[in-house]
Amino acid sequence: MLDLTTQKLAEARIRELADFDALTGLPNRRLLHDRVAHMVLAAERDQSTAALMFVDLDHFKRVNDSLGHTVGDDLLRAVAQRYLGVIRKIDTLARLGGDEFIIVLPDASAATAAEVARRLLEVSATHFSVAGHALTVTPSIGISMFPKDGEDIDRLLKNADTAMYKAKELGRNGFQFYSAEMNTETLERLLLESSLRGALSAREFVLYYQPLVEIESGTIVGAEALIRWRHRDIGLIMPDRFIPVAEETGLINPIGDWVLCEACRQARAWIDAGLNLQTMAVNVAPAQFRQRGFVELVAGALATSGLSPACLELELTERTVMHDADIHLGTLDALHRMGVGLSLDDFGTGYSSLAYLKRFPVGKLKIDRSFIRDLETDADDQAIASTIVSMGRNLRLTVLAEGVETPEQLALLREMQCEMAQGYYFSRPVSAEEMTALLREQAFMNRS
């Protein structure tokens, strides 16, 4: 007779390592595939639906980076135990690796999946006590349904992953169901991101310009530079489609730097041609403004083009300057000392602090178009616009109204003594050649 105890224990341990995650004890990818295969067979036999949920913990990397991987591992084990208390006995909670979990819900409707997702969000809201730390971690959850969103694990996983990233885009700590439209958006985004990386070197970007007009005289005194992308296959792409991709991929800095240099070069060319251009306005993205050496970059663009700093106006949103306001105040002061104009874009839509506004060396406020759109009919919009104009005048700031489209809007702004305007009433954004003609003709002078 032989004692096989040690051998049998070793075989059991091997099976455990093969099928279960060593950290949490949950099923791993191998066993997950087997469970999903059984779920699919049962659902096909019973003509029922099932759900697969992709759960990713938001900002989990911060725990590992700040408290160490040991605390991170303890937190993952605590999360796994808490999530096990949410699901049914017939369900499967698996760990793919890192901070990614998969939940398989056999014989489940979309309503059932949504309820499980809500419960996961609820139990995550209570902090986890780990190694003497009170930690909070939130999940982003993507849900795909069998058979609508896929009939095998690869397709269900892929689509649940896509939905999870949509949940992250919408602010995290939430859940989203997969949809075909979502997949189309993802494919378009991947195409844009791939093409965007080579667009700058391929010289596919171009600047359009929208006139900045003095309301009282109708004189065009400036232009706002607005980027467009002439994609070799798609055609002209507007910035609202590619700028968010550029910001998320880190490409916004080189693109924004190119815009700044090109706008300065064009402004200098118009001035050299004897045209009355007092201001070239350039939008600055938050990431571009926060990059190291931004002040030196602006100085370099001015030096290379020969444009006077007084002719350049950088447009910053309220959110950009209010985020870490004390830190950014130094950058703003440096630009102001250089002689560069500063403008607060979309004013009234952020979270302005009048105390900071007093300290910032800003010379212009731009009333957001959302307050101008219904100016003729909405008394609240009239009150807001009038207040911004009065406040700007009392603070010795120029006020410009964006999105002016009708003579009635212009007349009301003139009554408020708003100094400047831009919008389709005067001109859409146009090419450099068309803007040259507008500067020469000055067709809006004394327009009532």
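Author: Strands (E, at least two residues) and helices (H or I, at least four) are DSSP runs, numbered from the N terminus. Two strands pair if DSSP finds at least two bridges between them. The model is predicted: local features need pLDDT of at least 70, side-chain atom pairs 80 or more, while totals for chains, interfaces and linings use all residues. Numbering starts from 1 along each chain as its sequence is written, and side-chain values use heavy atoms, without hydrogens or water.

Start at strand β8, residues 205–214.

Now look for its partners. Strand β9 covers residues 220–231, and it pairs with β8 in the antiparallel sense. Nine bridges join the two. Take L207 as an example: its bridge partner in β9 is I227. β8 and β9 form a hairpin, with five residues between the strands. Find G218 in this hairpin: it takes a positive phi, near 80 degrees.

β8 also pairs with strand β16, residues 420–421. Here there are two bridges, and the strands again run antiparallel. Look at E214: it stands opposite M420 in β16.

Next, the rings. One aromatic cluster is made up of F205, W229, F242 and W258. Rings of Phe, Tyr and Trp (its six-membered ring) pair if their centres lie within 6.5 Å; planes under 30 degrees apart are stacked, over 60 edge-to-face, the rest tilted. A search of the whole structure finds ten aromatic pairs.

One of them is Y83 with F101. The ring centres are 6.2 Å apart and the planes stand at 75 degrees, so this pair is edge-to-face. The partners come from distant parts of the chain, 18 residues apart. Y83 sits in helix α4, residues 69–84. F101 sits in strand β3, residues 100–105. Y83 has 1% relative accessibility, so it counts as buried. F101 is buried too, at 0%.

Y425 and F426 form another edge-to-face pair. Their centres are 5.1 Å apart, with 75 degrees between the planes. Both Y425 and F426 are buried.

R82 lies over the face of F128, 3.7 Å from the ring centre. R428 lies over the face of Y424, at 4.1 Å.

Note on methods: Buried < 20%, exposed > 50% of the residue type's maximum accessible area, 1.4 Å probe, protein only. Lys NZ or Arg CZ within 6 Å of the ring centre and 35° of its normal.
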